[in-house]
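Thanks for taking a look at this one with me. Please open the model beside this note and follow the points in order.

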Amino acid sequence: LTCAALLGKAGIRTLLIEQRDEVGGCAAESELAPGFRVPTLAHATAPVRRDVVEDLQLYLHGLTFLDTAIEVSSLSPDGRALTLWNDPRKTAEGLAAWSARDAQAWPAFHQSLGRLGGLIGSLFQSAPPSLDTPHARDLFSLMHTLSAFRGLPKADQWRLLRWGPMAVADLVSESVEHEQLRATLAADGIFGAMLGPWSAGSGLQLLLAAANRSLAWPGGQVVAGGPAAFARALRLAAERHGVAIKTGIAVQRIEVKDDRAVGVTLATGEHLEARAVVSGVDPKRTFLSLCEADHLPPEFSWRISNYRSRGTLAKVNFALSSLPAFTGATREMLASRVRLAPDLDYLERAFDHAKYGRYSSNPWIEFTIPSLNNPSLAPDGAQVLSAYAQFAPYALRDTSWDAEREPLGDIVADTLEQYAPGFSSAVVARQVLTPLDLERGWGLTGGQIFHGELALDQFFAMRPLLGFGDHRTPIRGLFLCSSGSHPGTGLTGGSGANAAAVIARELA
């Protein structure tokens, strides 16, 4: 949607084709029970890019933001709640009840993470340079980033070099001492990943989350109405700029002639010709399902077949007759994101199950209650709750997700019950979406929510593959704009914006 809207704004005649009945993909919203609507997959956008909002003037298309004082809360089994506020001073004051040392160290840690996020974020705002024929503007961008790196305090320069390859458990443990705070922070390093907190490279995702925050607009706020509202605003912006949109139609094949993409064939048999084809689906599905192998170099086909897309996240949606009484949580906390992960060992044990092809019997959970901010999602007095549950690997050993879907839902409900006694009795309806469901229903290969794992060897100029990080592909006229391309960090609009700039120059 972002890519199409920006291409339309650039004066390029653009057609967007969507297999589902509604645009937005993982930003979908659906009816869970009569009178109950829920964010089906994503219950929050990643921080929406400031440049996307401004360039498309999304505020003219209904996009509004909510002031949120809380970034995330974490509930303890003993009934206490730890809160990370957007104001670091307020966070430090709250941490005093947990650890005097952490309260003192928090501002410095928060500032370092913010500085490093800002530096990495500067790499997010354009496509990575071509390794074979770098353009002058690419070199200028890299020189700007290098200058910013040299301007960092010496300690932060060393942290940047160390933190990315580190295990996120070691990263956070160097700066904070309380286990609950460590787990709350480390969760960002393993979200959606086939990584545990002690896995090497998990520190990178924590830095990428900080980079997204550095580019957000406006800072400290979230989209009112959630991801579905973001998708609606993007659609209106695209249509305003002349983009034609067809829904409920699947692309069957990308047509290639003389090593150049020349259009697509739809599932109906209709052929559409185009100067360029832009894929918003994941790289594996693009090349291994929509392109004929004869049009791809053999080495590229082998490399893309080994591009890691292992899903680990399940989604469970609940329709509730009343607001659950989570012990220690205020209404303000419940209106933001809440995590259930008491310590690093808890996170690692949940990962242990996934390593051996099993879903966790004690998953770590992040949930929201979106109806608190948007009462139209549920009847008066009722609520909807959206829960991410990890770890739930795409490939199960000795069983299948069709057999284990509801048992997983029971485990998630039981876990929520531990923190909110009486939770199960308030459940009106439930929906369980496994990684297999994400692949079947939304085309996410392997159920991988980021269209490919975020790892050091699948990041920046290597996303999805080394030599193809600039949104171009081995087939001329075929481009990638999905989260499987740079920067690939979720629902920010970033990958689409970067791709649109490359495509517009190519077609000029």
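1. A word on the ground rules. This is a predicted model, where local features need pLDDT of at least 70, side-chain atom pairs count only at pLDDT 80 or more, and totals for chains, interfaces and linings use all residues. Residues are numbered from 1 along each chain as its sequence is written, and side-chain values use heavy atoms, with hydrogens and water left out.

2. Let us start with a sheet of 7 strands. It is open and mixed in its pairing, with the order β6-β5-β14-β15-β16-β13-β17. At the edges stand β6 (81-85) and β17 (427-433), each with a single partner strand, so one side of each has no neighbour in the sheet. From one strand to the next the twist averages 20°. As for terms, strands (E, at least two residues) and helices (H or I, at least four residues) are DSSP runs numbered from the N terminus, and two strands pair if DSSP finds at least two bridges between them. Angles come from axes that are lines fitted to C-alpha atoms, for helices over the stretch in contact, and run from 0 to 180 degrees between N-to-C directions.

3. Leu-320 stands opposite Val-427 in β17 and opposite Gln-383 in β16. Asn-317, for its part, stands opposite Gln-431 in β17.

4. Is β13 buried or exposed? Buried means under 20% relative accessible area, exposed means over 50%, and partly exposed lies in between (1.4 Å probe, protein chains only). By that rule 7 of the 7 residues of β13 are buried, so the strand is largely enclosed by the rest of the structure. In a regular strand the side chains alternate between the two faces of the sheet. Here Ala-314, Val-316, Phe-318 and Leu-320 point one way, while Lys-315, Asn-317 and Ala-319 point the other way, and all are buried.

5. There is also a sheet of 3 strands. It is open and antiparallel, in the order β9-β10-β11. Its edge strands, β9 (251-257) and β11 (271-273), each pair on one side only. The twist averages 30° from one strand to the next. Strand β10 (residues 260-266) is joined to β11 by 3 bridges, and Val-264 has Leu-272 in β11 as its bridge partner.

6. Now the rings. The whole structure holds 12 aromatic pairs. Rings of Phe, Tyr and Trp (its six-membered ring) pair if their centres lie within 6.5 Å; planes under 30 degrees apart count as stacked, over 60 as edge-to-face and the rest as tilted. Phe-124 and Phe-459 form an edge-to-face pair, 6.5 Å centre to centre with 70° between the planes. This pair links distant parts of the chain, 335 residues apart: Phe-124 is in helix α4 (residues 100-124) and Phe-459 in the loop between α16 (435-442) and β18 (478-480). Phe-124 is buried at 1% relative accessible area, and Phe-459 counts as buried at 13%. Elsewhere, ring pairs link Trp-106, Phe-109 and Trp-163 into a cluster.

7. A charge sits over a ring if NZ of Lys or CZ of Arg is within 6 Å of the ring centre and within 35 degrees of the ring normal. Arg-80 lies over the face of Trp-98, 3.9 Å from the ring centre. Lys-90 lies over the face of Trp-85, at 3.8 Å.

8. Finally, the spaces. On a 1 Å grid over the protein atoms alone, a cavity is a set of points where a 1.4 Å probe fits but cannot get out, and a pocket is an open set with protein on both sides within 12 Å along at least five of seven lines; lining residues have an atom within 4 Å of a point. Grid points are joined across faces, edges and corners, and a volume is the space filled by probe spheres set on the points. The second largest pocket has a volume of about 670 Å³. Its lining has 38 residues, with Pro-128, Ser-130, Asp-470, Arg-472 and Val-502 nearest its centre. α17 gives the most to this lining, with 6 residues.

9. Which helix supplies the largest share of the lining of the largest cavity? That is α5, with 3 residues. This cavity holds about 60 Å³ of space, and its lining residues include Ser-122, Pro-128, Asp-138 and Phe-460.
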